[in-house]
Amino acid sequence: MNYVIIGGDAAGMSAAMQIVRRDKEARVTTLEMGGIYSYAQCGLPYYIGGLTPDSESLIARSRDTFEEEYGIDARVYHQVTEIDPDSKTVRGTNLKTDEPFELSYDKCLIATGAAPVMPPIEGKELDGIHTLKTIPDAERILEDMKANVLNVTIIGGGYIGLELAENLVEKKKKVRIIDHADRLGSGYDKEISAEIEKEAKRMGIEVCTGQTVERFSGDGRVSEVVTDQDSYRADMVVVAAGVTPNTGMIDRSRVHTLDNGAIIVNAYMETNMPDLYAAGDCATQYHRIKEKNDYQPLGTHANKQGRIAGMNMCGAAQAFQGIVGTSIMKFFDLTVGKTGLGEQEADEMNFTCDCDAFEGHSHAGYYPDNEPLLLKVVSHKVTGHFLGLQAVGRRGVDKRIDVAATALYHRMTMSDIENLDLSYAPPYNGVWDPLQQASRRVK
Ligand SMILES: Cc1cc2nc3c(=O)[nH]c(=O)nc-3n(C[C@H](O)[C@H](O)[C@H](O)COP(=O)(O)OP(=O)(O)OC[C@H]3O[C@@H](n4cnc5c(N)ncnc54)[C@H](O)[C@@H]3O)c2cc1C
């Protein structure tokens, strides 16, 4: 069987590994348009901040390992520009030689991820303006920072912008974040994002929300960012304004997609075209609480979906069980996490909800280093089902988010949560976990 995988990172190589392990006769060709295989994008902000000392440690398995140990034909600088599902052929360009190439497949996986959005802002081609997605992007930013860079403007206050801001502050840069939303971390409900903003200001970050960038200006290199309200000096700019699925190689009149271009897949990672699969940031994820396809481009989903795609491509019937919308980030001393629906999302879904924000504690109040924990819990007013948790604090956020994610996966009610047998000793919790306290507050 002849397998072709487009994209050589999380989803693509998770699939490739399943195929070579399960089908000993497999011929696997992976087509990667960049020069590096299987690396942790999630580590890039920490590489820029110096916590991760070199880019090598971000690479899970090298191209040589895939080729020599697993017999995968792992090509680099091969950009796919077209997939013909009728003749089962992929076509593209070798970016090193500029030569076209064509390959036929029995089964093909699209695992091309997502690209950073660069809004059509005047001056965006000036030197000193970056996006952050790949190791070469991070290296360009690090190289650029050697050039007398003090004032860095980040466009976008989502998790990539915030993680980057923290790491640039650690590097003694003066950081400003501009976002057109009315607050940082606007994917969170306002109670939670207010804490993010407080932390940003505490750490000396200039927060410019509710502003739209209209122009970058400078003589060859960016020196100013002009918004609809003001203009700001900038020695360097990083645009972290979201991502868009890399699906330009498919014919969208034939392959079904969401409006944003994410390829719609079923639980087996199949597209609507025979023997054509998709996984990771270029594909949809079924959301168990929303009960519909969603787009939440995260490494956790890409690895799972890629693995499941690989299994199904070589005959094992494995279903992706869907997501509940879990994510977490560190922002200086804070941990911020969410799972399920926030109040905003629950509103959009027309759920009739109880929403409760309250302050709990990381562990017993009388034990040292106890920290407040702000929780926002959403539950269904009629059925009593737990619908989501957002939490922010200096300690214990990760544990509550993961318990909540498990509860959501199993569609628990608030009363189920109240009855959970969770671990307790004073250094770790109160006798009632804050999530259980939340469940008792629901009338
Ligand atoms: C700075 C940063 C921090 C992140 N932090 C987290 C985190 O903390 N937690 C988390 O869960 N997720 C995080 N993510 C997201 C996570 O990295 C992605 O969800 C994950 O990498 C997606 O994997 P993927 O294989 O679907 O796509 P990608 O990793 O984007 O890989 C797709 C590959 O396809 C290649 N490609 C694209 N188009 C073509 C083409 N036409 N032809 C050939 N090759 C092509 C690309 O070069 C790329 O190598 C972060 C991302 C970034 C950028």
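Modeller: A residue is near a molecule or strand if one of its heavy atoms lies within 4 Å of it. Of the 32 residues around the ligand, Asp9, Ala11, Glu32, Gln41 and Asp281 come nearest.

Biologist: What kind of model is this?

Modeller: It is a predicted model, where local features need pLDDT of at least 70, side-chain atom pairs need 80 or more, and totals for chains, interfaces and linings use all residues. Residues are numbered from 1 along each chain as its sequence is written, and side-chain values use heavy atoms, leaving out hydrogens and water.

Biologist: Why is the ligand said to lie between domain 1 and domain 2?

Modeller: Domain 1 (2-114 + 244-313) and domain 2 (118-241) both give residues to the shell around the ligand, so the ligand lies between them. Those bounds come from an automatic or database assignment.

Biologist: Which elements each supply at least two residues of that shell?

Modeller: They are α1 (10-22), β4 (78-84), α5 (159-170) and α7 (299-313). Helices (H or I, at least four residues) and strands (E, at least two) are DSSP runs. The shell divides into 17 nonpolar, 11 polar and four charged residues; Asp, Glu, Lys and Arg count as charged, and Gly as polar.

Biologist: How do you know that β10 and β16 pair?

Modeller: Pairing takes at least two bridges, and four join β10 (residues 151-155) to β16 (residues 236-239), so they pair. They run parallel, and Thr153 has Val237 in β16 as its bridge partner. Both strands belong to an open sheet of five, in the order β9-β16-β10-β11-β12.

Biologist: What makes β9 and β12 edge strands?

Modeller: Both β9 (129-130) and β12 (206-209) pair on one side only.

Biologist: In which sense do β21 and β22 pair?

Modeller: Strands β21 (residues 327-331) and β22 (residues 334-340) are antiparallel, with five bridges. Ile328 stands opposite Gly337 in β22. Two residues separate the strands of this hairpin, where Phe332 takes a positive phi near 55°.

Biologist: What does UniProt list for residues 2-286?

Modeller: An unreviewed entry lists "domain: FAD/NAD(P)-binding" there, though such annotations may be inferred rather than shown by experiment. In the model, that span is 22% helix and 28% strand, and its end C-alpha atoms lie 28 Å apart.
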